[in-house]
Amino acid sequence: MRKLTYFIACSLDGFIGDEQGDASEMMLRFMDEEYLHFLKTEFPETLPSHVRPQLGFDALPNVRFDTVIQGRASYDLALKEGVTSPYAHLREYVASRSLATSPDPNVEIIADDLVGRVRALKAEEGGLDIYLCGGSRLAGELLDEIDELVIKSYPLVYGTGMPMFGTGLDIKEFTLDGVRSFTNGALVRTYTRKR
Ligand SMILES: NC(=O)c1ccc[n+]([C@@H]2O[C@H](COP(=O)([O-])OP(=O)(O)OC[C@H]3O[C@@H](n4cnc5c(N)ncnc54)[C@H](OP(=O)(O)O)[C@@H]3O)[C@@H](O)[C@H]2O)c1
């Protein structure tokens with residue numbers, strides 16, 4: 001069984017970006033040598049294709065994930081930059097009921113039965129795990145399917161912003177597997193869903 005892992009950057013107060021979801025403040029500020037080394041060795045595939053060459057990630061093999069799923073609003077950010085396959089080194093799925101056709105041969109659109117499609121991906125034999133990239137609304141829709149959380153929290157308080165899960169009250173329990181701390185103040189916590 002392949003895991004669905006929500007690997008997400010958030011503020012101390014649990015927001016994944018400002019009210020529009022813009023996370024660039026936290027993404028850029030904490031990319032120092034120690035933190036980049038962590039990403040490079042443990043999660044190199046989570047950096048988008050167009051950023052990888054600048055940071056020396058382009059030749060690195062995938063370590064944790066071979067598949068990514070994101071919501072259409074998150075995918076739109078890449079499209080606006082003219083990038084149609086932001087994770088070309090992974091199998092890419094974009095959840096959308098409004099995108100009639102995929103803008104890229106590497107990107108498959110999931111319009112119907114999102115949960116069923118994700119369950120089928122999880123049931124595939126072998127391979128690496130599935131990277132749930134976000135955003136908030138997609139994570140809310142898939143909350144019950146999430147097997148693992150990897151929360152990169154940065155020492156910033158937003159006060160308000162986009163929540164980690166765009167859902168109503170829906171309490172789920174997770175077990176803490178590990179905490180990594182970095183000199184820049186970032187914490188990376190890993191949790192497994194308690195079932
Ligand atoms: N901090 C981080 O690490 C991080 C990571 C990723 C994203 N983000 C931020 O998250 C923001 C976007 O989040 P968001 O919550 O607004 O949007 P989102 O979750 O990225 O995308 C929402 C869209 O996904 C589609 N969708 C959702 N559920 C679906 C279902 N059951 N079936 C089919 N399609 C479905 C719909 O697309 P249609 O409208 O086309 O039907 C919906 O409008 C971005 O601003 C981004 O910066 C932050």
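Visitor: What makes D113 count as buried or exposed?

Guide: D113 has 10 other C-beta atoms within 10 Å, so D113 is exposed. The scale calls a residue buried if 20 or more other C-beta atoms lie within 10 Å of its own, exposed if 12 or fewer, and partly exposed in between, with C-beta atoms placed from the backbone. Please note that this is a predicted model, in which local features need pLDDT of at least 70, side-chain atom pairs count only at pLDDT 80 or more, and totals for chains, interfaces and linings use all residues. Residues are numbered from 1 along each chain as its sequence is written.

Visitor: Where is D113, and what is its phi?

Guide: D113 lies in the loop between β5 (107-110) and α5 (114-123). Its phi is positive, about 50 degrees, although D113 is not a glycine. Most residues other than glycine have a negative phi, and most peptide bonds are trans.

Visitor: Which peptide bond is cis?

Guide: The bond that joins G134 and G135 is cis, with omega about 0 degrees. G135 is placed in the loop between β6 and α6. Helices (H or I, at least four residues) and strands (E, at least two) are DSSP runs, numbered from the N terminus.

Visitor: Which residues are closest to the ligand?

Guide: G134 and G135 are among the closest, together with G21, G71 and A73, in a shell of 31 residues. A residue belongs there if its C-beta atom, placed from the backbone, lies within 6 Å of the molecule. At least two shell residues come from each of β1 (4-10), β2 (15-17), β3 (65-71), α4 (72-80), β6 (129-134) and α6 (136-141).

Visitor: Why is R91 called partly exposed?

Guide: R91 has 16 C-beta neighbours inside 10 Å, so R91 counts as partly exposed. This residue belongs to strand β4 (residues 91-95). Leaving out residues up to four places away in sequence, R91 touches D66 and T67; contact requires C-beta atoms, placed from the backbone, within 7 Å. R91 and N106 are 15 residues apart in sequence and 6.7 Å apart in space, C-alpha to C-alpha.

Visitor: What makes the chain as compact as a globular protein of its length?

Guide: The chain has six helices and 10 strands. Its radius of gyration is 16 Å, close to the 16 Å that the globule rule gives for 195 residues, so the chain is as compact as a globular protein of that length. The radius is taken over C-alpha atoms, and the rule is 2.2 Å times the number of residues to the power 0.38.

Visitor: Which residues have the most contacts inside the largest nonpolar core?

Guide: They are I16, I69, Y131 and L132, in a core of 39 residues. Its largest share, six residues, comes from β1. Such a core is a set of buried Ala, Val, Leu, Ile, Met, Phe, Trp, Tyr and Cys residues joined through C-beta atoms within 7 Å. Beyond four places in sequence, the contacts of I16 include I8, G134, G135 and M162.

Note on methods
Contact = placed C-beta atoms within 7 Å.
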